[in-house]
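Here are some notes to read beside the structure. Keep the view open and find each residue as it comes up.

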Amino acid sequence: MRLTREESLLLIVDLQAGLLPVIEHGDQAATEAAWLGGLAESIEVPVWLTEQYPEGLGGSEPRLLDAVPGHRLWQKMTFDACGNPAFAAALAEIGKRQVVLCGTEAHICVMQTGLGLLAAGYEVYWLVEACASRRAGEARLARERMMQAGAVPVSADMVAYEWLHRCDDERFKQAHRRFLKGRSARPLVFA
């Protein structure tokens, strides 16, 4: 299973300002999601954000909103975004079969959304460095469970280079200058 730009959607689950301060590796998750979201928008991959109970947990992290101004926002009360009929219908309508998934908390809303996506027949790609929980051990457990269910673990670099596919066109050159070159030395934790 190889990711393609044409078949992909980036789904960023509940990276909310009120929740991030208590999330282990939350800053990295937000940074990596914003980075991949910016790259996605630049090459016309749709970016969707969810917010769980924003009245209590606050809105999406501001740097994420800055990075993906063209996002589609879904507010939800169910932990699984697929439990929202309007979300599920819109996802079916957009016709993308590959969902790159990340966010918080990995073992609750991200995992339940991933399981919902798998049950609905989507390919799910778990963005390892951008899935986080209050305790890193729970994020690892969620990833293991998702892999057993059929999701594919990926890094942002893997996704970016699969979406870009080749290095001899203008799309790659722009992405390299704007996103790839500066990221190469950034230290990451793969929880």
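1. **After a helix.** Start at Gly-121, which follows helix H5. The phi of Gly-121 is positive, near 95°. Note that this model is predicted.

2. **Helix H5 itself.** H5 covers residues 106–119. Is this helix enclosed or open? Ten of the 14 residues of H5 are buried, so the helix is largely enclosed by the rest of the structure. The buried residues are Ala-106, His-107, Cys-109, Val-110, Met-111, Thr-113, Gly-114, Gly-116, Leu-117 and Leu-118. Colour them and look at the helix from several sides.

3. **His-107 and its partners.** His-107 is one of the buried residues of H5. Which residues does His-107 contact, leaving aside neighbours within four places in sequence? They are Ser-133, Glu-138 and Ala-142. Two polar contacts deserve a look. The His-107 side chain makes one with the side chain of Ser-133, at 2.8 Å. The His-107 side chain makes another with the side chain of Glu-138, at 3.3 Å.

4. Glu-138 sits in helix H6, residues 136–149. Glu-138 is partly exposed, with a relative accessible area of 24%. Residues up to four places away in sequence aside, Glu-138 touches His-107 and Ser-133. For a sense of scale, go to Asn-84. Asn-84 is 54 residues from Glu-138 along the chain, and their C-alpha atoms are separated by 25 Å.

5. **The nonpolar core.** The largest nonpolar core has 64 residues. Which residues have the most contacts inside it? They are Leu-39, Trp-126 and Trp-163. Take Trp-126 as an example. Leaving aside neighbours within four places in sequence, its contacts include Ala-106, Val-110 and Met-111, and those three are among the buried residues of H5. Trp-126 also contacts Leu-101, Cys-131, Ala-142, Arg-143, Met-146, Met-147, Val-152, Pro-153 and Val-154.

6. **Val-152, at a strand.** Val-152 lies in strand S6, residues 152–154. At 23% relative accessibility, Val-152 counts as partly exposed. Beyond neighbours within four places in sequence, Val-152 contacts Met-1, Val-124, Tyr-125, Trp-126 and Met-147. Leu-127 is 25 residues away from Val-152 along the chain, and the C-alpha atoms of the two are separated by 8.7 Å.

7. **H1 beside H7.** Helix H1 spans residues 26–42, and helix H7 spans 156–164. How do H1 and H7 run, parallel or antiparallel? Their axes come within 11 Å and cross at roughly 5°. Angles under 35 degrees count as roughly parallel, and H1 and H7 are therefore roughly parallel to each other. H1 brings Glu-32, Trp-35, Leu-36, Leu-39 and Ala-40 to the contact, and H7 brings Ala-156, Asp-157, Val-159, Ala-160 and Trp-163. These residues divide into eight nonpolar, no polar and two charged.

8. **H7 beside H8.** Helix H8 covers residues 170–183. H7 and H8 pack at an angle of about 170°, with their axes 11 Å apart. Over 145 degrees counts as roughly antiparallel, and H7 and H8 are therefore roughly antiparallel to each other. From H7, Ala-156, Asp-157, Ala-160, Tyr-161 and Leu-164 meet Arg-171, Phe-172, Ala-175, Leu-180 and Arg-183 of H8. The residues of this contact divide into seven nonpolar, no polar and three charged.

9. **Two more phi values to check.** Most residues other than glycine have a negative phi. His-25 is not a glycine, but its phi is positive, about 65°. His-25 lies in the loop between strand S1 (8–13) and H1, and is partly exposed at a relative accessible area of 30%. Glu-44 is not a glycine either, and has a positive phi of about 70°. Glu-44 lies in the loop between H1 and strand S2 (47–52). At 63% relative accessibility, Glu-44 counts as exposed.

10. Finish with Thr-4, in the segment before S1. Thr-4 is partly exposed, with a relative accessible area of 28%. Apart from neighbours within four places in sequence, Thr-4 contacts Gln-98 and Trp-163. Glu-105 is 101 residues from Thr-4 along the chain, and their C-alpha atoms are separated by 26 Å.

Conventions: Residues numbered from 1 in each chain as written. Predicted model: local features only at pLDDT ≥ 70, side-chain atom pairs only at ≥ 80, totals over all residues. Heavy atoms only, no water. Core = buried A, V, L, I, M, F, W, Y, C linked by side-chain atoms within 4.5 Å. Buried < 20%, exposed > 50% of the residue type's maximum accessible area, 1.4 Å probe, protein only. Contact = heavy atoms within 4.5 Å. Axes fitted to C-alpha atoms, helices over the stretch in contact; angles between N-to-C directions. Helix = DSSP H or I, 4+ residues; strand = E, 2+ residues; numbered from the N terminus. Parallel < 35°, antiparallel > 145°, perpendicular 65-115°, else oblique. Nonpolar A, V, L, I, M, F, W, Y, C, P; charged D, E, K, R; others polar. Polar contact = N/O pair within 3.5 Å; in protein donor to acceptor, adjacent residues only side chain to side chain.
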